[in-house]
Amino acid sequence: MTTVSNDSPVLGSDLKAPTFSSRHVTVIQPTHGWAVFDLAEFWRYRDLFLALAARDVKLRYRQTALGVIWVLVQPLVASVIFTVLFSKVANFPSGHVPYFLLTLTGSLGWTAFQNTMTKTSNSLIGNAQLVSKVYFPRLILPLSTVVSSLIDFAVCFVVMIALLIVYRVTPHLGFLLFPVWLLLMLMQAIGFGLYAGALMVSYRDIQYVLPIVIQMGAFATPVYYSMAFAAEKTPSISWFFYMNPLSGLLEAMRWSILSLPGPNLGTLLYSVIASVLIFIGGVMMFRRMERKFADVI
C-alpha cells in the first residue's frame, strides 16, 4: 500500500487536472514478505471497522425472541451440567467456593475464547463478496467480530458479579488484573482465528473440522475443573495441561475473581508469552496470505 499526495498541477492555461476531495491517492500494491499490521491504514478505515462491528451486533440479536438471554444459556447450562457431574457425582474439589462458581468462571473465559476464534475464522468466508469486489484492509473483517464477543462477555459477566454477591464471595485486589487475562485470552483466540481463517479461504475443510477441534479443546483445557487437581490425578500427562497456553490464563481468572490459588509464575509467564506470539504470528501469516484472498475466495 502506497500513499502519494495529489496537488492538482496545472496542465495548461485553461485546463487543470481534476481536483480530488482528498489530497491522498491510495495505490494498491501486494504486501511483501511477512508484513505486520499497518496501524495507520487501519485508522483510515476506522469507520468501516465500526460499521462492520455494529452490523455483527445487530445481526446477532435481530429477530430473536429472548434477545440477550441466549448469550447466558450456553455458559449457565454448561456450568450446571458439569457441576452435577464433577461435584456431585465425581466429587471434584473446588476449594472454598461453590463448584458452580468455579465452572462458571472457566465457562465464561472459554466461551469468550471460543466465540472470538469461531467468528474470526469465519469472517472472510462470510464476507466473500466484499473481499472479492472492494479493497480495504482485510484484517478489519476478523477484528471487527471481537466487538460482539466482548458485548456477549459483558452481559455474562454482569450475571457473574450478581452470583458473587449471592454466594458472598469477595474478590481481592487481584480482581484488577482480570482484564489483562481476558485480553491475553482474546489475543490467543484472534491469533488462532487468523491462522484458521487464512487457511479456510483455500481449504474449506477447515470450516467443518474447526468446530470439532474447539469442542475437544474444552475438555483438554481446565474449564470445568482446576488445573492443579487434573495434574494431581493424572501425573503421567500433567505436562499436557501446563503446555496448554490457555490453562494458566483460566487459572489466573479464577484467582482474580474467586481468590482461588493461581498458577505458578512459570506457567503464567509461559501463557503470557505464548499469547503474544500466537497473536503476532497469526497477524503475520494473515498478512502474507491476504494478497491471494480476492482471487481464491
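A salt bridge is taken here as a side-chain nitrogen of Lys or Arg within 4 Å of a carboxyl oxygen of Asp or Glu. In this predicted model, local features need pLDDT of at least 70 and side-chain atom pairs count only at pLDDT 80 or more, while totals for chains, interfaces and linings use all residues. Residues are numbered from 1 along each chain as its sequence is written, and side-chain values use heavy atoms, with hydrogens and water left out.

The structure holds four salt bridges. One of them joins the side chains of Arg287 and Glu290, at 2.7 Å from N to O. Burial was assigned from relative accessible area: under 20% is buried, over 50% exposed, and anything in between partly exposed (1.4 Å probe, protein chains only). Arg287 has 11% relative accessibility and therefore counts as buried. Glu290 is also at 11%, so Glu290 counts as buried.

A further salt bridge links the side chains of Asp56 and Arg55, with an N to O distance of 3.4 Å. Asp56 is buried, at 17% relative accessibility. Arg55 is at 31% and counts as partly exposed.

Arg254 and Glu251 also meet through their side chains in a salt bridge, at 2.8 Å from N to O. Both residues lie in helix 11, three residues apart, or about one turn of the helix. Helices (H or I, at least four residues) are DSSP runs, numbered from the N terminus. Arg254 is buried, with a relative accessible area of 2%. Glu251 is buried too, at 6%.

Arg254 also takes part in the packing of helix 11 against helix 4.

Helix 4 contributes Leu101, Leu102, Thr105, Gly106, Gly109, Trp110 and Phe113. Helix 11 meets them with Leu246, Leu250, Met253, Arg254, Ile257 and Leu258. Nine of the contact residues are nonpolar, three polar and one charged. Ala, Val, Leu, Ile, Met, Phe, Trp, Tyr, Cys and Pro count as nonpolar, Asp, Glu, Lys and Arg as charged, and the others, Gly among them, as polar.

Conventions. Contact means heavy atoms within 4.5 Å. Helices (H or I, at least four residues) and strands (E, at least two) are DSSP runs, numbered from the N terminus.
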